[in-house]
Amino acid sequence: MKKIDIHCHVYALTENSSRCLNVDTRRMSPEDQIEIFDKLNVEKGVILPLITSTHPDGLSVIENCRYIVDKYPDRFAWFCNFDPCSEGFGATIDLSKHIGQFKELGAKGVGEVTIPLYADSDVMDNLFYHCAECDMPVLIHIGTTLEEKYGIVDEKGLPRIERMLKKHKNLRIIGHSAAFWCEISENGYPDDRNGYPEGRVSDGRLASLFREYGNLYCDLSAGSGSNAMMRDREYAAKFLTEFADRIYYGTDVSDKMQTFQYVFDDFLTGLVTDKMISDEVYEKIVYKNATKLLGIEE
């Protein structure tokens, strides 16, 4: 079955700079990503630029995204992004003008938003308001402290995100990160919210938020998303089935030598093979939900 990868970070000129986080590895080129796509039967991936003034080795810029999409229009789409704290931006500026311009250029959403601000700060509130006004989903990385300097910040239970979901009813938030996915379970809550908790899952904060707010979405990317599912196969099947209309398949591969994406792909396929989730649920998650978001005709 064809898939769409909602979470990619791809770079046009991989030889010109090192990755962030001081990892000694080459950035993912479009060709690297397409090679992985072909192994996973991914038809198209969404490139997410990371832009923040507090992250000087910012991973990707909009020009990079558009260059790659223009070169491989059948394999990539893109989201736009910007630093809402940079000069000229702030808590009162009309961001619809900027978001609207990117939308006209082909952007399908906003993100990955990683700016270290509280999730319900005036600046983030303004950003969320204008994303809703422009009918643009926003994909967020949730961090745990401002000192991390990576990810919008919320506390255990995600009270700040809830305030934004409640206030901006037309806003579509796509959640991501370890701090987001550790909320899947009420038991075995990790001391380190950036870690990968283990053990069986009992309904946590995420299920409550998904049931109450129809504008909350998520992607299954990275070790955080895959771990949240694979730690408890039975609960994963239940979660995926109940919220199938608001879950996106994603990988977030940062190095072509990584293999977790293949293990997780086998896990999802196994749920279908063992009839723990239906073909319909699987197809929504890996393909159909994203076709609606990207405006792809089936």
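Predicted model: local features only at pLDDT ≥ 70, side-chain atom pairs only at ≥ 80, totals over all residues.

Reader: Which residue in β8 does I173 stand opposite?

Author: I173 stands opposite L216.

Reader: And the faces of β8, covered or open?

Author: Both faces of β8 (residues 216-219) are covered. L216 and C218 are buried on one side, and Y217 and D219 are buried on the other.

Reader: What sense does the pairing of β8 and β9 have, parallel or antiparallel?

Author: Parallel, over two bridges. Within that pairing, D219 has Y248 in β9 as its bridge partner.

Reader: Let's stay on Y248. Buried or exposed?

Author: Buried, with a relative accessible area of 5%. Y248 sits in strand β9, which covers residues 247-248.

Reader: What does Y248 touch, leaving out residues up to four places away in sequence?

Author: The list includes Y217, C218, D219 and L220, along with I6 and I174. Y248 also touches I285, N289, A290 and L293.

Reader: How far is Y248 from H7 in space, and how far in sequence?

Author: They are 9.0 Å apart in space, C-alpha to C-alpha, and 241 residues apart in sequence.

Reader: Changing topic: which strands make up the open sheet, and in what order?

Author: The open sheet has three strands in the order β1-β2-β3, with parallel pairing. β1 (3-8) and β3 (76-78) stand at the edges with a single partner strand each, so one side of each has no neighbour in the sheet. From one strand to the next, the twist averages 25°.

Reader: How many bridges hold the pairs together?

Author: Four bridges join β1 to β2 (residues 42-47), and β2 pairs with β3 over three bridges.

Reader: Who's opposite whom, for D5 and I47?

Author: D5 stands opposite G45 in β2, while I47 stands opposite W78 in β3. K3 has V42 in β2 as its bridge partner.

Reader: How many residues of β2 are buried?

Author: Five of its six residues are buried, leaving β2 mostly covered.

Reader: What does α11 lie across?

Author: Helix α11 lies across β1, β2 and β3. It runs at about 70° to β1.

Reader: On to the core. How many residues are in the largest nonpolar core, and which have the most contacts inside it?

Author: The largest nonpolar core has 93 residues, and W181, M229 and F239 have the most contacts inside it. Helix α11 (residues 279-294) gives the largest share, eight residues. As a general point, nonpolar side chains tend to be buried together in soluble globular proteins.

Reader: And what does F239 touch, not counting residues up to four places away in sequence?

Author: F239 touches W181 and M229, plus I184, L206, F210 and I247.

Reader: How about β5: how many of its residues are buried?

Author: Six of the six residues of β5 (residues 138-143) are buried, so this strand is largely enclosed by the rest of the structure. V138, I140 and I142 are buried on one side, with L139, H141 and G143 buried on the other.

Reader: How many bridges join β4 to β5?

Author: Three, with β4 (residues 110-113) and β5 running parallel. V113 has I140 in β5 as its bridge partner.

Reader: Where does D125 lie, and what does it touch?

Author: D125 is in helix α4 (residues 122-133). Setting aside residues up to four places away in sequence, D125 touches M164, K167 and H168. At 15% relative accessibility, D125 counts as buried, since the cut-off is under 20%.

Reader: Last one, the whole chain. How many helices and strands are there?

Author: The chain has eleven helices and nine strands. Its radius of gyration is 18 Å, close to the 19 Å from the globule rule for 298 residues, so the chain is as compact as a globular protein of that length. The C-alpha trace spans about 50 × 40 × 40 Å along its principal axes.

Reader: How much of it is buried?

Author: Of the 298 residues, 59% count as buried. The chain exposes about 12,700 Å², with carbon and sulfur atoms supplying 48% of that area.

Definitions and conventions. Residues numbered from 1 in each chain as written. Heavy atoms only, no water. Core = buried A, V, L, I, M, F, W, Y, C linked by side-chain atoms within 4.5 Å. Buried < 20%, exposed > 50% of the residue type's maximum accessible area, 1.4 Å probe, protein only. Contact = heavy atoms within 4.5 Å. Pairing = 2+ DSSP bridges. Axes fitted to C-alpha atoms, helices over the stretch in contact; angles between N-to-C directions. Rg over C-alpha atoms; globule rule 2.2 N^0.38 Å. Areas by Shrake-Rupley, 256 points an atom, 1.4 Å probe, with all protein chains shown as cover.
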